[in-house]
Amino acid sequence: MAVQEALAADPRTVAPDNAVAAEAASPVLEIDNLNISYFTRAGEIPAVIDFSLTVKPGEAVGLVGESGCGKTTVAMAIMQYLGGNGRIVGGSIRFKGRDMNAMSEEELRQLRGSQIAMVYQEPMAALNPSMTIGSQLMEVPLYHEPNCSQEEAFRRAVEMLGNVRLADAARVMSAYPHQISGGQQQRVVIAMALLSNPALLLLDEPTTALDVTVEAGIVELIAEISRSFGTSMLYISHNLGLIRETCDRVCVMYSGEVAEEGTIRELFENPRHPYTRGLFGCIATPGKDKYAKPLTPIRGQLPLPHERPPGCNFGPRCDHFRDGRCDAGMIRMQSVDPATAHRARCIRWQEIDWDNYRVEQAAYTPIEPGETVLESREMQKYYPIVDRSLAAMLSGRAVRYVKANESLTFQARKRQTVAIVGESGCGKSTFAKVLMGLETATGGELVFNGKDVAEQSVMKRTPAQIASLQMVFQNPNDTLNPSMTVGSQIGRVLRKFRIARDPQEIEQRVLDLLDVVKLPRAFINRRPRQLSGGQKQRVGIARAFAGNPAMVIADEPVSALDVSVQAAVTGLLMDIQREYDTTLLFISHDLGVVRYLADRVVVMYLGQIMEQGDTEAVFAPPYHPYTEALLSAVPIADTRVRKRRIILEGALPSVLDPPKGCPFHTRCPRKIGAICEDTPPPEQEAESGHSIRCHIPMDELRRVEPVIQYNAE
Amino acid sequence: MTEDAISAERPLPAPRRPFREAVKSIGLLRESWVASLGAGIVVFWVIVAVLAPVLAPYPPNQQIGPLKNAPPMTLAEEGRPYFTDQGMERTSGDELYILGGDNLGRDVLSRVIWGARSVLIYAPIATACAYVIGIAMGLLAGYRRGWIDDVLSRVSDIILSFPVLVLYVVIITVFGPSAINIVLAVTFASAPGIMRIVRGLVLDLRNRDYVAAAQTRGENPWYIMLVEILPNARGPLIVDACLRLGYTTITIGVLGFLGLGLPPPDPNWGNLVAENREVAQIAPYSTLFPCIAISTLVLGLNLLADGLREISMKD
Amino acid sequence: MLIFLLKRLGFMLLTMLVVSILLFLVLEINVENLATRVLGQFSTEEQRQIWLEENGYLRPIYIRYLEWIGDMLQGDFGHSTRFNVPVSEILFDRLGNTGLLALCVFGVMVPLALTLGILAGMREGSSMDRSITFFSVLTTSVPEFASAVFFSAIFVFALGWLPGTSGMAQGFNWTEMVLPVVVLVLYGFGYIARMMRASMAEVMQSPYIRTAILKGLPYRRVITKHALRNALIAPFTVIILQINWLLSGVIAVEYFFSYKGFGALLLEASLNTDIDVIQGCAIVAVFVAVGTQTLADIGYTYLNPRIRFS
C-alpha cells in the first residue's frame, strides 16, 4: 500500500532532459500533408485532410479531438493498417526517414511491434482470449529477434511485467486475459508494446475503458515510460486533461483537420483557434461555477464527414465567422509562433481580439433549496446469489448476498442538484433502480414526497407518483426506441401519465416540449437514427420532463456525448430544472462535472456512502481518503492547476466479496492499522451537513493539504 | 448557444407517409444483387402459384393416356381416346405437353405449376404458426426470465434434441398424413428453434435504456415485449424467416417424396418425384422438372435471406 | 470441471428419460387408432379388440411403459412384424450401415467445409468469399432427393458411370457408396461452411487479431495461432450436431438409393406401421442425438478457456 505522492506542478517541465535531446535529433516520425479517405457505397469520404505532424525522439505528442475527427485513423495510417475501404490518397508518412507508404508488407511486418508499437482502447478485447498472457507476450521477441530462444523470451516477458508494475508476474504469465482485472490487462498490453523497445509508441485512448482511479495508475506509468525508456509517444485522446498530464505537445483535430497545434503551455494558455477556445469553454475545470462562471457551449453539432461545409470546417459553429472569407476555399495552417511551432488553421487568428472577447453568458443567482423531496433512511439492497454447487450446499453457503447498497442515508431537497459519485460497482445505479421502482429495497426507507416507496415497485405506484419521478438515461443511442418516431415516444408518455388525451392535444404538448428542449418542431416525425447523440439526449430530457416531475434522476446524462455537445446539454438540463423547480439526482463518475453541477455530493464506494456534504465542503479538506484519491485521479485541463498525485494500488474489490471493516482499507493510502480491517468506520461530522466515514480522527483529516491548488501567477 | 437553431416561424411538421416508407424499404433490396435475385425468384413462383389456373395449360390431374411418359414438346397423335370426368374423349391432335407427360399421362408443366400453389400455401402457413408460438415463447422466456425461462428452455432443448425427420415420421405415422398434421408437425419442430433466437435477441434488447424508460413509466409487460422490444428484433427474424421458409419447403418436399406428405393426387413437387421415380430411366423429365422447381424456390429464399443479412450488416 | 461433467451427464440421462416417456405416450396413448392402423381400415371392432388383448395393449399405460423400457435396457426391442425377426437383430445391423455412410460423409464433408469456410472468412467480401458463399447457398438449396435425381440423371442414366442403387446386393461395393456420399456432402457442407465463415469473419474483425497483426507477426501465424483457435470454437458444436442430422437426414437418400440403412428401416417401418421397429428406431435416434449434444456441450466448454477457468 505504498503512497506515491509527488508534487508535480507541471509534469512536463519536471523532465526537461528529453525535450532538450529532442531538439537536436532527427525526427522519429514525419507526416506531411497526409490525406486519407474511406471508400463506401456513398462514394469517397475524406477522413483526414492535410495532416502534418512531426514527432522527435523522446517526445510525447497528444492528438486530441471529438468523435469522428480522424485521430484514430491517423494512428492506423501510421501502422499502414486502414482496413478494406480506407486508403491514403495523398501525402507521406516517414518513419526515421523511410517512406512507409512505399514499404512492402514484409518490411511493415518487421516494423510493426518492434519499431512502432501500439496500446489500445479496450485491453480485454485487444488480448487473445484463448491464449495465455505469457505466450502472447513471448511472441514479440520470438518473432522480431532471429536468435531469441524460448527461455530468453520468457525471461524478458517476466522482466517487462515487473517494469509495468505488475505484481506476481509468474501467475500473470500463465493466466488467460479474462482472469485478470482491466487495469492489469492494460498493463499487459503496455508491456507487450514495450517488449521490443520501440522507437514510437501509439496510445489510442488507453484509459477510456478504465475506472478513474485505475486510469491514474496507467497515466503515471505512461509518463514514467517516456522518462525512463525515452520512447516517443503519440497519445490519442478525447480528454484534454489527460493530454496535459502526459504530453509535451498537442495537436487539436476537428472534423478531419488539425485545428491547432503547439506546446502544451502555448496551446492551453494562449489558444488561437476559435474551436480550441470553445473546447476549453466546454470543460468543467475547477475554475468554472454553474452560477457565476457557467460553461460556454459551442452551438450546433459536429458536421458529418460527407456534409462538411466549404472552407473552414468549424465555420458554421464559429462566432467569428466571416462570409466570403472563412468559406472561400480551403484554409491552410498558419504559423502563430515559429519558436514554439504554434500553428492554427484560422485565417482570422490575428484579427480576433481574444483579450477583450467575452461570450454573452448570463450569470445566475444561486437557488434556494426548498423542502425535502427525497429522504433515504438506511436504505439497503441485497441481491441473493444462489450457488447451486454441491460443496456450497453442504457448507451451508448456498445463498450469498451482493450488498449493492448498504444502509444509504441522505436527503435531497427541492430545486437542489444532488450528485452520487463513485466508480463501477459502487451501487449508484442500483440506488436509481430502487428509487424508480424497478427493484425493491431489502431494508430501510426511501421517502419520496412524503411516502415510503422503498418496497413499492413501479407497477404498484400511481400514475401521478410515476410521473413525478422520472429518469434521463446515459447512452444516447439506447435511450430512444429506434423503431418509433420521436413524437410517438413523447406522446406515449403524455398519454400514459394522463396529461393529454386526444391526439391534437397530445401533438400540441409534444411540440411544446420540443420547444422546451430547443429542438426543431419537424423532429416530431423523425426517427432516432436521423438524430445526433446530443439531439437524442434532448429528446430523452423532454420525455423525462413531460409529466412535470418533482425529481429527475440523470444517470451519466452527458458522459457519452462529445465535449463540445456536453456543455449545451448540461446547460439545458439546468435551465429546465430551474424552470420546473425540479430536484435533480445526478449520477456520475466524473468529478469535474459533479463539482460544476452539484449542490451536494454523495461519494460511494462498494455500496456504501464514504462521504457526503455540500459540494465546496467535499472538494476541500477534510477529505475521506477515497475522495482525496478520486480528486487526484481526475485529469484537469488547466495548466494553472497544481495537483497532488495519489495513486491507488490494487484493483477495485469485487462486490461479491467486499473487504471487511472499512471497504476501502485494501487500497487506502492512509490506512492506520488493524482497526480498518475489522471494524466498520464510524460516521464523523466535519461540519453541519458534511460527514465522513473513516477511522482517522477528524483533526488529522483537517490537516491534509488540498489536492488541487492554483499556481501562484 | 443552443445545439440546434430553431427557425422563427416554427413550421408544423409534414405528415408522415407510411406508403412511401414501405416503398423505400423495398428499394433497399437494390443494394444487394443477391437479395434482388432471390426476391425475383420468389416473386416469380408466387405469381406462378397465384395465376396457376390461368397459366396451367391443362387441369393438373387430367390424364391423356397417349402422352404417358412423353418427352417434352410432344404433340398428341390425333384421334387417340382418353378419359376425363365427363367421359371418354378423343385427342384433337393439338394437345401439346411442353415439359412432357408423367407416368399417368398428366401434363408435367401443369402439375409443376399447380405444385407451386400447394407448397406456397402450406410452407408459409406452417412457418407462420411456428413463428407465432416461437415468438411468444421467446419473449416470455427472455423478458420474464426466472422459472418460465428455465421451463421453456428445457422443453425446447428436449424437442430440439429429436432428430427432425424422425420426429416427422413418428408424428405422421401416428396421426396420418394430412395437410393439418404436416403444419402441426412443422410448427412443433420449428417453434423451439425460433424461441431460442427470439430469446437471445430479447436478452440483449431488454437491457436497453428505452426498455428501462418504458418500465419506469409503468408500462405493462406485454406492451413492453410487443411494442418496445419485438419491433427492434425484426431484422434478424426476417432473415431467419426466409431461411426457415426455405427449409420448410424442403421438408414438405421430402415428406412428399417419402410418401408421408399430402395424399395423392395432390401435385406437390415431392409427390411428383416419388410418383415418377420408377420411370426415371425412360422418362427423366417428369422427375427433373419438379426437382428444378423446388430447388429454385429454396434458392430464391436462401439468396433473399443472405442478401437481407448483408444489407442489415451495412447499416 | 468434474462437477460440470456430472451435471451434464445427469441432465443427459434426464432428457433421455423424459423423451422416452413422451415418445411412448405419442405412439401408444391412442391404442384404438393403433389397432386400426395395424389391422387396416376394414378390420372389425372385434378383430381390433382381440388384437389389443393379445398384444397386451389393454393394460395401464405406465405398466406398459415400465415393461417396455425394462425390456429395452436388456436389449430386447420387441419383434418386427414386417421382417419377422427381433428388432434388435435388424436395427443394429442397419445402424452399422448408416454409421459407415456417415463416416464417409464426415470424412469428406468436414475438411471440405472447414477449408472453404476459413478461406471465405479470412478475407470477408473478397471474390473468393463471394464465390464460396454463393456456392454453399446453392448446394444447401437443393434438397437431397432433388440432387439425387440430378446426379442419377447424369452419372447413372446419361453417362452410365455409376450404379443407380446402393443395395449392396453382391456384398460391399464402393462404387455404390459414391452417389449417396456426394449427395449428402453437397447438402450438408454448406451449413458448416457458412458457420465457419461467419465465425472466422467475426474473429478476423476482432481487436485481438488487429493486435496480433500490429505486433508484427507473420500472416500465417496470425491465422493459425490467433484466429483459428478462436474461430473453431463455434463451428465445433455445429459439426458434432451434424451427426444428429446425418442419422435422420439420410432417410431420403437411403430410400432413394435403396441403401440398407437406419433411415430406410425407419421409413419402411412407418409405411408398414411396424410399431416395435418405429419405437426402437426413434429411441435410438434420440439417444444418439442427446448424446451428441452432451458431447458438443462438453467439448465447447473445454475449448473455451473463458468458460473453462471461471
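# A walk through a predicted three-chain model

Hi everyone, let me start with one residue: C:Thr133 is buried, at a relative accessible area of 13%. Buried means under 20% relative accessible area, exposed over 50%, and partly exposed in between, with a 1.4 Å probe and protein chains only.

Before going on, a word on the ground rules. This is a predicted model, so local features need pLDDT of at least 70 and side-chain atom pairs count only at pLDDT 80 or more, while totals for chains, interfaces and linings use all residues. Residues are numbered from 1 along each chain as its sequence is written, chains are lettered from A and ligands numbered from 1 in the order in which they are written, and side-chain values use heavy atoms, with hydrogens and water left out.

Back to our residue. C:Thr133 sits in helix H6 (residues 127-141) of chain C; helices here are DSSP runs of H or I with at least four residues, strands are runs of E with at least two, and both are numbered from the N terminus. A polar atom of the C:Thr133 side chain lies 2.7 Å from the backbone oxygen of C:Asp129. Leaving out residues up to four places away in sequence, C:Thr133 touches C:Arg197 and, over in chain B, B:Asp306. Contact means heavy atoms within 4.5 Å.

What about chain C as a whole? It has 14 helices and zero strands. Its C-alpha trace spans about 85 × 60 × 30 Å along the principal axes. Of its 310 residues, 52% are buried.

Now to where chain B meets chain C. The contact takes 43 residues from chain B and 45 residues from chain C. About 3,900 Å² is buried between them, with carbon and sulfur atoms giving 74% of that; buried area is the accessible area (1.4 Å probe) that two parts lose on being put together, summed over both.

How many salt bridges cross the interface of chain B and chain C? The rule finds two, a salt bridge being a side-chain nitrogen of Lys or Arg within 4 Å of a carboxyl oxygen of Asp or Glu. C:Arg130 forms a salt bridge with B:Glu310, with the closest N and O atoms 3.8 Å apart. On the side of chain B that touches chain C, the largest share, 13 residues, comes from H12(B).

C:Arg221 pairs with A:Glu139, the closest N and O atoms being 2.8 Å apart. That pair crosses between chains, from helix H10 (residues 219-231) of chain C to helix H6 (residues 133-144) of chain A. Both C:Arg221 and A:Glu139 are buried. For contrast in setting, A:Arg98 forms a salt bridge with A:Glu107 at 3.7 Å; A:Arg98 is partly exposed at 39%, and A:Glu107 is partly exposed at 34%.

Last, the nonpolar core, meaning a set of buried Ala, Val, Leu, Ile, Met, Phe, Trp, Tyr and Cys residues joined through side-chain atoms within 4.5 Å. Which members of the largest one touch the most other members? Of its 315 residues, they are A:Phe51, A:Leu137 and B:Trp269. Domain 1 (2-73) and domain 2 (88-308) of chain C both give residues to this core, so it lies between them; the domain bounds come from an automatic or database domain assignment. Among the residues that A:Phe51 touches are A:Ile31, A:Leu63 and A:Met253, not counting those up to four places away in sequence.

Note on methods
A polar contact is a pair of N or O atoms within 3.5 Å; within protein, one must be able to donate a hydrogen and the other to accept it, and residues adjacent in sequence count only if both atoms are side-chain atoms.
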